[in-house]
Every structure is written in structure tokens, then in C-alpha cells.
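I opened this entry to record what I looked up, chain by chain.

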Amino acid sequence: MSDPQILVENILNALTAGILIGCIYGLMCVGLGLIFGVMRVVNFAQGDFLMLGMYAAYYLFTGWGLLNFLGPYAGPLLAAMLAGPIVFAGGVLLHRFIISRVSGLRTTASLDEGHFGQLIVTLGVSLILQNGGLIVFGSSPRSVRTPLSSSAWVIETPFYDSLIFLNKARLLSSVVAIAVAIILYVMLERTRLGRSLRAAADNPTAATYAGVDVDRAHRIAFGLGSGITAVAGGLIATYISYSPFAGLDFVIIMYAGVVLGGMGSILGAFWGGLTVGFVQQFSGLILPPQLQNAAIFVVFLLILVLRPQGFFGRSAERA
Amino acid sequence: MLEVTDLAVSYGGLRALAGVSLVVGAGQFVTVVGPNGAGKSTLFKTISGIVPPTAGSVRFEGEDLLAMPASRRAHLGIAHVPEGRQVFKAMTVRENLEMGAYPMAGRHAWVRMLDRIHTLFPILAERAGQFAGTLSGGEQQMLAIGRGLACAPKLLMLDEPSMGLAPAIADLIFDRISQIHREDGLTILLVEQRVAEALELCDRGYVLETGRIVLEGPYEILAGDDRVRRSYLGLDDA
């Protein structure tokens, strides 16, 4: 083994790992971006929806073993996807009874008024979910482990004969993440429901005049955003171990990704998450692991300075 | 068709409307004129359910509008073209019209209404794929009216359609509104600051001042009234 070989191999593996992890980050950012984009609610509990998704997948596959019969390939992935509807239902109920009291037409109209209530409420929900999770799920680390978690497909490249290791669990998870993101995107762009969500995001008053029940649109957006992030959680669960406080690590990544992509843009949120994945993996080449999140923030700050509207933020609009 | 009775609205103790009554019959073109701050937009927002009244009733074809959520009105056949246009800026022109056709009636009449909208405002067909936020003010107003028509409404409510537009464009908008009334037989309720143009179009008009109806009647009566001639029409030949 020569030095250039190791270098090239490290770069290629950081690249592929960045893409694989970035796709899942992208999906969780899409969930957060959807909630912010439609409701203008800054949701601190988003990381904990991710955590709930992880535990939903854990109980469906490893804990209760309901999906064991599907084997190590389909089982964990289906468990992750089922985490979506479960947390969707939870999100809808949460909005119905709590979030709707501090959001809606009154607060979407103004960016400064009414947001304190939302911050406190979502922070409170976050704390309840974390500590409630500790009571219900326990503090010992969990994971949806299969033989795939620690095996890889190996690709030989012509560059110095270096090898790329594609972790099987990560690869399959990122494929599912891309598929879910595409389905959501098509739903938002092409269906009547999707159009009504975008209209409610764009101009809630005009959407009401057009016949859209904006409160219901918010409820659906909140449920969808929670569910999508939970699917991402279920997918991550296939290759890491986690505790009820896992959401804290990811909520930062999610916010960085959503702001990078441009607040309110779904496509941008995915690219933002992907970028964060890249930065994290590449910074791992030169920085110790503790500093990887710091690298994310350096890039984050650079983008805020150079392009405050984000990659996909809209600047071409007349008043 | 639309019956507003003794409507009163206050914003934090400040009276915006007091005892406003107004009737729009099927097929009529009714105009509400008045100076800035008279409560014209408040009247519209109350009818549309965005602002809650302190007293009074609003009925549409016998149904009590105040008892239902704001979003139901579009499904009953009331199209509200709001002040300041309020198009969906991040959506394309076509998508804006599709949103207009969100109620069932609009979906059934989609092909017919789209054709009609494009006949009235050919520019909207040309710009179908463009984001509404990039349109000029006049084009946005056309789009807002088109979006209102797309739900195949029974009643079209227009709030200051000429606001912020160049005179030539405003004239064109008034022409189209009049055309919609004549050719489609659509019932129209118009709120407008350009009193002369608005009164010329209407079957019946109301003059709103500081939250009260001070004068009402057919065009001939209003246009003949001394106060209207002096204050709004700029005529001083009594």
C-alpha cells in the first residue's frame, strides 16, 4: 500500500459515505422544511420525532420482531417506512390539541409576533418526548442491527486500485430515503392536496378565499413533516445505536440543512441535508470526530454570509 | 342572493363598521364606494369570514355565513378577489388558476372556465408556466380575477381591483369586469375607490363613510346626488 492509494481511497470513501448519509439527512431535513415552509413554525421537537421513528423501527423489527419474517433486507426498511404513518398520526394529534393553539393564520401572517409561544411549546414537547422516552424505552442504547449493518459491498476502482466500501445498511437506507423524498415531492407538485398545502404556505389568506381549510392543511403538513423525519430516523436506526436523547444530535444537522437549502424550499432542504452529510464526512478526513459538527457550522456560517437566502431560496419576486 | 344586515365590526374597541346593511340580488352588479378607511375592506373581510363581527348577520342564498368557517364560502360559490391581489407568488400562473378551481364546482367547470379566463385575459395563457410573483401588478390583478372565476362562482367579490395600477391598465380591468357581468351574467359585488368608474358600471351603489352607509340607490340617483358629485366625482356644477 502506497501513500497516494490511502489518500485516494479515503477521499472516495468519504465521498460515497457523504452521499449515503447525506441522502438520509436530506430526508429528515425535508420533514423539518415542510413544517417550517407550510406553517412557519420553528419546531424544536423535530429531532425527537426522529428519535420516535428510530424506536418505532426498533420495536417493529428487533424489539417485538413483528417484521422479522421479512428478513434482513426488507424487514428493517419496511419497519422504517411504517414508522412514518405511526409518527404521522402522533403529529396530527399533537397539532390538533397543542400546536394549533400557538400557530395558524394569526401567526403565519407576521414573522415576529406569536413565535415565542411556538418556541416554548415545541421545546416543551421536545423535553417531554426525551424524558418520556427515557421512561418508556429505557436508557440502554438500541439499534436495529442486522448482518447488513456491518457488511459492505466492495467496489474496485481504477484509481490506484483503491477500494470503495459501501455499507449495505446505509446504501439500502439511502435508496429508500431518495424514494420517499421523490414521492413527497411529486405529491406536493402534482396532486390537489399538495397544491393546497403549497397554497396555504404561500398565502394563507388567499388560500382560505380559494376554499382551503388552512388549519387542516397545517395539520396535514405537521403530520407529514413529523412522519417523513421519523422515516429518516428509522433508516438511520439500521446502522447506528441510539438512546432517547438521540434527537439532540440530529436537530442541529436538520436546522443547518434546512437553512442551507433556503427556508421553505423542499428541494432545497434535501440538498441542504446532502451538503451537511458531505461536509461531515469530508471534515472527518482531517478533523477529529468531535469537531465534525463544528465543520458543519463553519460551512453554515459561510453560506449565511455569502448567500443568505440559501441555495434554493427565492429572490426573484415582486412585492 | 347576499344579504348583509346591521353589521358591526370593531378592531380593539375602534369601530370600523356600524349598522351596515346591504343587499345583492342575483345577476346584479353592486358597488360600494367610499374614501380610504371608510371600512370597505373590513366589510369584505367580514363577509369572507376573516374578520369576526360584533353584531349583525350575513346570509348567502339563505345560509348563515357567519356560522361556518371562512374556507366554506368558496365551496358555496363565493369568490373573493382580495385587495392587493394576493396571488400565490411561488406558484405558476397555471397553478394559481388550478387553486382557484379547488372547490368541486370549479373542478367540474375547469375546461370551460379556463377557456373563458384565457379569452378575457390572453396574457395568462402566454404566462401559464411563469411564477406569479414575477408578473407585473396589472397581470397579477388579472390572475387574481382569473383565480376567482376559476371556481365558477355565483358571486364575485372584487376588492379594489384598480389599486396601484396605471390608469390604462385599470380601465382595461374595469372593461373586463363589466364584460364578465354582461356576458356571463355573473353577480358582482365591487368595492372601489375610483368612484366614477365604479358607479358607471353598477346597477346599484352604496356610499360608505366612516363605517356607515350614508347613501344608497341606483346609479342615476347616486350620480345625481350633490354630495357624491362634489366629493367623489369632482364635479362642481350644482
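I began with the secondary structure of chain B and noted eleven helices and ten strands. Helices (H or I, at least four residues) and strands (E, at least two) are DSSP runs, numbered from the N terminus. The model is predicted: local features need pLDDT of at least 70, side-chain atom pairs count only at pLDDT 80 or more, and totals for chains, interfaces and linings use all residues. Residues are numbered from 1 along each chain as its sequence is written, chains are lettered from A and ligands numbered from 1 in the order in which they are written, and side-chain values use heavy atoms, with hydrogens and water left out.

**Chain B, overall.** I looked up the extent of the C-alpha trace, which is about 50 × 45 × 30 Å along the principal axes.

**Helix H3 of chain B.** Why do I call helix H3 (residues 93-100) of chain B largely enclosed by the rest of the structure? Six of its eight residues are buried, so I do. I listed the buried ones as B:Val93, B:Glu95, B:Asn96, B:Leu97, B:Met99 and B:Gly100. They pack against helices of both chains: H6 (168-190) and H7 (192-202) of chain A, and H5 (110-120), H6 (122-126) and H7 (137-149) of chain B. Contact here means heavy atoms within 4.5 Å.

**Chain A.** I noted twelve helices and two strands, in the order α-α-α-α-α-β-β-α-α-α-α-α-α-α along the sequence. The C-alpha trace of chain A spans about 65 × 50 × 35 Å along its principal axes. Among contacts in chain A between residues at least 6 apart in sequence, 75% join residues at least 24 apart.

The unreviewed UniProt entry places "transmembrane region" features at several spans of chain A, including 12-37 and 169-188. UniProt positions are in the numbering used here, feature names are shortened, and annotations may be inferred rather than shown by experiment. I checked residues 12-37 of chain A and found 100% helix and 0% strand, with the end C-alpha atoms 35 Å apart. Residues 169-188 of chain A are also 100% helix and 0% strand, with end C-alpha atoms 29 Å apart.

Methods
Buried means under 20% relative accessible area, exposed over 50%, partly exposed in between (1.4 Å probe, protein chains only).
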